Amino acid sequence: MDTIVEALLVEDDQLLLDLYNRALTAAGYHVTVTPDGQQALDHLAENIPYLVILDLHLPKRSGEEVLRYIRAETRLAATKVIIASADAALANWLDQQADFVLNKPVTYTQLRALTLRLFPSG
């Protein structure tokens with residue numbers, strides 16, 4: 001029986017959302033998409049994804065708020081977070097709270113390779 005490994009994709013740019021979704025799916029993740037920070041927080045309140053791909057500048061609630069929520073919740077302690085943002089200064093400032101920081105533009109190949117490395121074995 002295969003275990004489902006969820007990746008939560010939090011991105012408001014539709015082109016990037018599609019690109020990242022394809023890369024994560026190719027890496028073997030079951031992808032849940034949320035286009036704004038509030039939907040991400042709502043999802044995280046009831047689910048424990050293995051991986052979160054997080055934009056910082058989002059509608060409704062910021063990616064920074066989402067990241068703070070993830071790191072404050074004990075039940076999400078094992079959740080890996082990759083920040084994907086064009087705001088290099090803010091992303092680098094949050095680097096200690098994220099597992100990885102990718103400065104946009106992020107390519108399909110780059111994201112697929114990184115998330116393949118993170119995919120749990122066994």
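**Cores and an aromatic pair in a predicted model**

The largest nonpolar core of this predicted model holds 20 residues, and those with the most contacts inside it are Tyr20, Leu24, Tyr29, Leu51 and Ile53.

Me: Which helices and strands each supply at least two residues of this core?

Reply: They are strand E1 (6-10), helix H1 (14-26), strand E3 (51-54), strand E4 (80-85) and helix H5 (108-118). H1 gives the most, with 5 residues.

Me: What is Tyr20 in contact with, leaving aside its neighbours within four places in sequence?

Reply: Tyr20 is then in contact with Leu9, Glu11, Ile53, Ala84, Lys104, Val106 and Leu111. There is also a second, separate core of 16 residues, which includes Leu56, Leu58, Val66 and Ile70.

Me: Why is Tyr29 called buried?

Reply: Buried means under 20% relative accessible area. Tyr29 has 4%, so Tyr29 counts as buried.

Me: How many aromatic pairs are there?

Reply: The count comes to 1 aromatic pair.

Me: Why is the pair of Tyr29 and Phe119 called edge-to-face?

Reply: Ring centres must lie within 6.5 Å for a pair, and planes over 60 degrees apart count as edge-to-face. The centres of these two rings are 4.9 Å apart and their planes stand at 75 degrees, so the pair is edge-to-face.

Me: What makes this pair a tie between parts of the chain that are apart in sequence?

Reply: Tyr29 lies in the loop between H1 and strand E2 (30-34), and Phe119 in the segment after H5; the pair therefore ties together parts 90 residues apart in sequence.

Me: Why is Phe119 called partly exposed?

Reply: Its relative accessibility is 27%. This value is between the limits of 20% and 50%, so Phe119 counts as partly exposed.

Notes. Residues numbered from 1 in each chain as written. Predicted model: local features only at pLDDT ≥ 70, side-chain atom pairs only at ≥ 80, totals over all residues. Heavy atoms only, no water. Core = buried A, V, L, I, M, F, W, Y, C linked by side-chain atoms within 4.5 Å. Buried < 20%, exposed > 50% of the residue type's maximum accessible area, 1.4 Å probe, protein only. Helix = DSSP H or I, 4+ residues; strand = E, 2+ residues; numbered from the N terminus. Contact = heavy atoms within 4.5 Å. Phe/Tyr/Trp six-rings, centres within 6.5 Å; stacked < 30°, edge-to-face > 60°.
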